Every structure is written in C-alpha cells, then in structure tokens.
Amino acid sequence: MQEGAFFVRLDDVLHRPRGEDCCALDPHTVQVRLRIRRGACRRAEMIYSWNKYTWTQKRERKPVRHIGRTLDAMADEKFHITALTLPVVGVMIFSILPIVFMILLAFTNLGGDIVHPKLGDWSLAAWQKIFSVGQLGNTFFKILRWNILWAVLATAINFFGGLSLALLLNKKNVIGKKIWRAFPVLAYAVPGFISMVGFKFMFSQSGPINSLLTQAGKDAVFFLTNDASAKWWARGIGLFVNAWISIPSVMLMATGILGNINTDLYEAADIDGATGLQKFFKITLPFVVFSVTPVLIGMFVGSFNNFGIFFFFRSGTYSLYGNYFLASDTDLLINWLYNLSVSNNYYSIGAAISLVIFLITGTLSLAVYVRTAAYKQEDTFQ
Amino acid sequence: MKKIELRLLLLGLGAAAFGAGALFVSGAVRWVLLGLGAWLLVWTALYLLLPRRAFNRAFDNVHTYLALLIVSAIFVFPCLWLILASLSKSGSLYDFKGFFPQEYSLNTFRTLFTDDVNGLYPYKTWFLNTLYVSSLSCVLGTVLVILTGYVMSRFRFKGRNAVKQTTLVLGMFPGFMGMTAIYIIMNQLKLVNQLEALIFLYAGTALTENDLGVSKEGYQLSGVFVTPALLRPYDGRAIEADTSLFTAWKSAVEDNRPWMVAGSLAGYPDNKWGHAWPQDDFRLAKKEGEFNTFYIELNLYKNDEFKIAVIDQDYNWGDNLGSTMLADRTYVAGGEDAFATGANCKVLQDGLYGLTFVTDAETLELCKLYVERLGDAAAPEYFFDLAIHGSFVKNAEGQGWSEADQIPLQRNGQNYVWYGEFETQEEGEFGIKNRGSDAWFAGDDGANIKVEPGKYIVYVGLTADNQREFVKVGTPAYYVVGTCGNGAWGDDAIETNTAYQMKANEDGTYSLDVTFTKDDTADWSNGRTAFKVVYGACGKVADEHWYGNGGDNFMVDPGTYTITFDPAAKTVTVK
C-alpha cells in the first residue's frame, strides 16, 4: 500500500440515545485527511463501513510486488496461508488420502497372496465374496446381525441406565448428592482400556469369579472361551462391561438435561393429580429423548463401531464352531475388519467391509451432522 | 375392602415365602426366599402400623438409599478390586482365594520397573515410549489445532468455508475408514513399528477430532477460539480485551428473559425503541422443543434499525444485543452505534422476516440471531405526527431539545407537506421529528439546521413512505403573487422577490403599492392581471395562506394599485 491522501467526509453523523431521542446532531461537516500507511487503509475502510461515512476521493495505486512485502503479508494479513499450510498437508496425508485410498482398495484384488511387491488389479472379487454364500459371506451376515443387535441393546442399556441413575441421584430426598455421584464418576475416570482388561481378568477361567464358584462347590464357567457354550455369556458380559464404562457419562449428560426441564410442567402435573410414573412417561422421557436425539444417534454409531470392547475381551479368539471365518461370535464388523486386514492381509475385503460400515454409520452421522449447531453456525469452528 | 384384601394377600405371600425358605428349600434359593419374605412382611407390617404419609416417606427413602448403595457398590467394587489386586504380594491374579489377595506388598510395582522378565516385559521402555509419543504428538497437535482455530476465527479469506466444511465432514468419517490404508501407506514409507509414525498420525488427525475431550459441568463446549473477542475479523489491530478462555462454554441453564425487538421500525411506529407496553407484539416467543431458542415474525423495512433487548415497564434497558449477534448479514447488517453501546441492526431489504434468536443464559456474546426472509413485506402504514425539536425549544427548567414541549407542525391538506412557524430569541439549531415513526429530518446535509434569532416558518416535504424530500426554512412574509412579476404564483413567495413583498404598517396591516403593466397578464386572463395575497417563504405557501377575493383571484386591469391585507380579518382590499 502506497502512502497517499484520502479524503473522508464525515456527515450524517446522528447520535441517537438508544434511538429514542433524535438529538445532539453533529452539525459539522468535517473533512478529515488521513495519511495512509501500510496497513492503515484497512482501518480507514473499517471506519467507512462502520459509520457510513462516504469517500469523496479515493486514490490508490496497485502495490508493487516485492519479496519483503510478500513475507510481511504472510505474517500479517495473509497469515492464514502460513498457518493453515501444515495442518492442511497433515489432513491430506493422514485423513483424506487414506480414505480415498481405502475406497479404491475395495475395488481391487489386493490381499491374500497378492501383497507388496506384487501388484494388484481392479476387481470386484471382494464384494462377490462378501455377498455370496461361502464361508466368508456367511460370516459377514452373522456378524452384521450380531453387530446391529449389539448396537441397539448397548445404546438402550446405556441410555436408560444413565437416565435412571441421573433420576435416582436427582431425587429430592437424596442427601449428599455430590458424594453419591462421585462413585459412578470414579468409574468414568478409570480409562476404558484398564477397566476392560480388569473385567477380562475377573471373568477369566481361573479368575476370582470362577474361584468363588468353585469355593461354593459349583463347576467353573468358561465365560470367554471360544466354543458355543460361551456365546451368550461373552455377549452378556460385553454388554455389562460396556454399560459399566458408558453409563456414568450418560448420567452426567442426563443430569444436565434434567436441570433444563421447566418445573412448571411438574407443578401443573401435580395439581392435575398425576402419579410419579405418569410424570416420567409424559414429561421427563419425551423431553430428554427429544433433547438427546442427536446424541442418541451418535451413541448408536459409537456402539456400532465399538472396536475396543471385544478386542480387549477376546483378542485373538476365533470361534471354533459355527463356521466363522477368522472371527469370534462376539466380534463386531470392525473387529473382523481388523482381523482380516491387519492380522491376515485380506486388504481388499477389509476395505469393502469398512465401506459397508461407513454406509451404515455415515448415513446416521450425516443425520446428526445436519442437526448440529456447528453446521448451522457461521462463525464457529469445531 | 379391596385394599384390605391386598394387604392380607401380601402378608400371606410374605409369610409363605419366608416359611418356605426357612423350612423346605436349601442353598441360594433359600436365602432369596427368606429375604423376599422378610421384605414383604416388614413392609406390610409397616403399612398397617404407620400413618399413610410416614409410610410413603419411609418406603421411598429406604429404597432410594438401597438403590444408591447397590449402584455405588457396582461402580466402586471393580475399581477397588483393580487397586487391591495390583498390591498383591504374589504378583498373580490367579492364586487369590476369593476376590481379594491374601497378602499385600508394593513388590509388583518394584518388579515392574526393575525386572523386564527376560526382555518379555520391558515396561520401562514402554513407559518411555508412551511418554515420548504422547508428549510430542500433544505439542504438535496442539500447535496445529491452535493455529487452525485462530485463523478460522480471526481471518476471513477465500476458501474459509470450504476448509470448515471439509473439517466437519472429515470428522464424520470414522477413524477406522483409513485403518487399512494407513497401515499400507506406513508400510510403504517404512514407518511401521516406528514411534514417529504415531506422532505424525496423531498430530495429522488432531484437526478432524470433534471431541476435544474437555468438559465442564453445566456447560457445553461451543468451539475453540470462539471467545467473542476473538471472533472479530483480523484488521491488524491487537486484541486488547481480556480473553481468559480460548474456548466458549454454552450454559445449560434455561433462558427465561423476556426478550423483545426494540427499534425504530417503519411498520410498527408504536415500538419506539421499546416504549411499547404491553410488549406482546414485540416479544420473542420460545420455540417449542428447542433449547433457548426464541422466534418472532416481523415486517421489516429498509433502514429500520433495532436491537433485541430486555426492557421493563419503566423503559429501563437490561441485557441488549445489537449487530454483533447477527449470524449472517445478508438481510440485516450493522447500523448506527449510539453511545458506543454496539451498533444497531439495520435492515437492508424490505420483507417479512422470521427472526430466530438462540440465546445463552449466561454469556451474552454467545447469543445468535438468525434472520430468514419469509416473503415480501406488507405495505407499511406510516403515522405522521411531525414536530420541531430544537435547542431553543425549552422545557420549564430552561433546557433545550425539550421532549415535552415540541412545536407541532400542521399538515397541508392531504399532501405529504407539513409546516409550522416558530420564533427564537437566540441562536440555535433544530430538526424535525416524526413522532409517529421516530424518524428524524434535518438539513440537506443531514446536520441540524442552524438559525439566527428571528421568526421563521418551516416546510417539510416527505414521501408517502416517510422519506425526506425537502426541508425549507425561511422568514415568512406577505407577497402579492399571480400573473404579475415572474408569474410563478406560490413559487414567488420567496425572499428574493422583494418587489412584491408587502410592507408592514403601523396598524398591523400590510400593504404594497404596485403598478401592473401589460406584461403582468397571462393568456387566459383576458388582458387583466390575476393575483392573490399569500403568506409564505422559500417559494412555499400553505393552502390556508392564500387570500383572494373570496376564494377567487383578484382580476384587475393594468394600472397602479395599493393592495392592503389585514391579517386579523384576513381580508384584502385593492385600491
């Protein structure tokens, strides 16, 4: 920006005390001469746009290109280029490239014997295998069925568990709410991995639960073994441990929401002689469910892709019955995907499965995404 | 009757369960039956003994605390077990008799750091690896997130929205999507089993993480670098306000403030910046089912200015928000900044608007207004009630710009022209206010009109939609106008037209000696001169200030006349 003279006419300067009294008008028409130095022009323009002053004369020369000026600009008004280069490159390499790569991978025959340094070829073999009647397709549908059941059950248990816990702690007759609330929060504070491993030990073949059973003169139960007898034990324990980990966070969220319910509604209900149950089903539940629909969908997606729980519980276990292909009866799609692609080099099949998962969860995520404030709000980031 | 039967039934059941448990069954079932029976018996007994209310309270309290104890045990027990198991002397989980170790020591922790069990459990190395990866990726990730957050909130550049949307969409893709691909890419880059790979990966994907892992009870995180002071677009100036947090927390508290739209609104002249009471027409209504969301539909017209505010009956302003709350500025932008309290919202286009106001009960700056144009505005109804408002218009205490004692203007028939006379003993300035719409009209340059001491008449011309057309001020005088002189009738009532200006006489009348010639006639007047006496200034004359021969013009032959006007009788005599 060159130095130069700008003339600004300050007129129309109305001072309205909250608009009520139109008085104290500035009668002067002032001519202000601004000496414009680098960077100052922006300021003058700001004044212009904020106060509807009018330019009477505007002289501006095109800036001369100069390496020093360019560098200056990179640290000043073009700082966004400097700042965003590295993050954008990082996102390109570690987020966008892998996603594109993976989508393409699903349509090749890479994997099995065909691994580096051999070259793969375009093929739909992976899709054919998944949707055919062979061992692989059979496993896929079995796992998909269990995965959906798991997601529904886990979401329902966590949500209603957390809600009931919040309601219990919210009761008027509970003294020392903070202390009672501290116990679930303690469980919340333990990292999920550690509690999962802890529970795995607790339910293991010679763990404390089995040792209690044998002490009581019963036979030990093999909760997490790899044959058909353990199927529902393992699934049930998975649901319990998942609930143990997630319920405290749902409780915290629900506590916040319950505080937002208009107490007038309850008062009105009391006057009309509603019972506690009626109040819960007609006021509390609709309000909470409505407020947390996006969170609920998010919880469903999270449960659907809950990699950790069965990875820690039954890692390396492949079921010995039911013709499972490199999977156990508790594995979710994402666990199977991991078994296939990372542990056993079935790259293209793994990629195809992750596309299927994405189709299911992506649709749901999109439904949440368009509801979020982040999508609607213009000025915020993340 | 029914209640008593129910009690008896419960009593019987309890007794049966207890008895069966005690006498016939063995093992775990026995204890269950005993417990159940005892529970039923005790409560039935209490129900019979205690008054109704006391029973209810006792029943509720006992079960509430019982539930609390059970829940707490479920959550605490595994944690406790983990901690105690880690302190086991034997170091193995599998030789406990029952749940807890027999002997305790800190031995396990000692061996963890000293003995790597033949290289199978090099815990020290793992520990250092974790420290290395987490601290480096934390620093790198934080720097990247902070840079991006700062730039996104302070800079407005081409592609900003694209970056934002991409980040959001990427956050939607589950992390595992790239799992296989990242593994293969890392394999190609020979980075598998390298700690640096993890650092790059964590740092690179930090931007796409939606959940920042921070929380505060009673609040929701609304974003990074969205403290209102930081949302101001970058203009080279430093931020001088204290900004304690780079993140903003939305309160989870419900907002019950009576928000209203207050402004000078062409369509709603009675709003008068919140003077309206009751405020029902301007109150924003709570949107059903949405948290802290208010809504109102209004006809807004170009150049309307408003704020959203809480105003009580005595016109005391509480919390109020101007253009800073606008989510986008397509239809409404920043207007005037009165008293530096923040610019008003200014309407840029006529229309029927739906205003959605999302509030935060605690932080005013987090409130946002979303403006949606629903359709064309209904034609506004303007109310005209003009008055002179000036430094010389004083109230009883002698203060100028008096609110109560303005000089009202008269309307000229059904025209959009108003006029009024005033006299001032001092130098001063003034403007004209339409009290019906709060609009303010002043000189051609927008500033107040300055006047010397003297007597003045002011003419204000407006358009039908309350816009200024002209404001003229002059010293009024009596003129003889007609086909004589310039032949411009009313336009001749102007100070420069001294030849036809009437002189004041001592008896209060005005007179003019004038000679009409043949030039002072018009085509239609048959060689005669037509004239009237008018009272005006600046070429403007009000309808009622025309004085003729009855309602008609005076028609005289060329010649010399003395025209006299008597203001008291409003009669004109011609000699």
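View 1. Among contacts in chain B (heavy atoms within 4.5 Å) that link residues at least 6 apart in sequence, 58% join residues at least 24 apart. Chain B has eight helices and 28 strands, where helices (H or I, at least four residues) and strands (E, at least two) are DSSP runs numbered from the N terminus. Of the 575 residues in chain B, 42% are buried, a word that here means under 20% relative accessible area with a 1.4 Å probe, counting protein chains only. The accessible surface of this chain comes to about 30,100 Å², and 57% of that belongs to carbon and sulfur atoms, with areas taken from the Shrake-Rupley method with a 1.4 Å probe.

**View 2. Helix α13 of chain A, residues 333-343.** This helix is mostly covered, as eight of its 11 residues are buried, and among them are A:Leu333, A:Ile334, A:Trp336 and A:Leu340. Just after α13(A), A:Asn345 takes a positive phi of about 65°.

**View 3. B:Thr529 in strand β24 of chain B.** Strand β24 covers residues 529-537, and B:Thr529 is buried because its relative accessible area is 0%. Leaving aside neighbours within four places in sequence, B:Thr529 is in contact with several residues, including B:Thr483, B:Cys484, B:Phe516, B:Asp520 and B:Val556.

**Notes on the views.** Residues are numbered from 1 along each chain as its sequence is written, and chains are lettered from A in the order in which they are written. In this predicted model, local features need pLDDT of at least 70 and side-chain atom pairs count only at pLDDT 80 or more, while totals for chains use all residues, and side-chain values use heavy atoms, with hydrogens and water left out.

Definitions and conventions: Buried means under 20% relative accessible area, exposed over 50%, partly exposed in between (1.4 Å probe, protein chains only).
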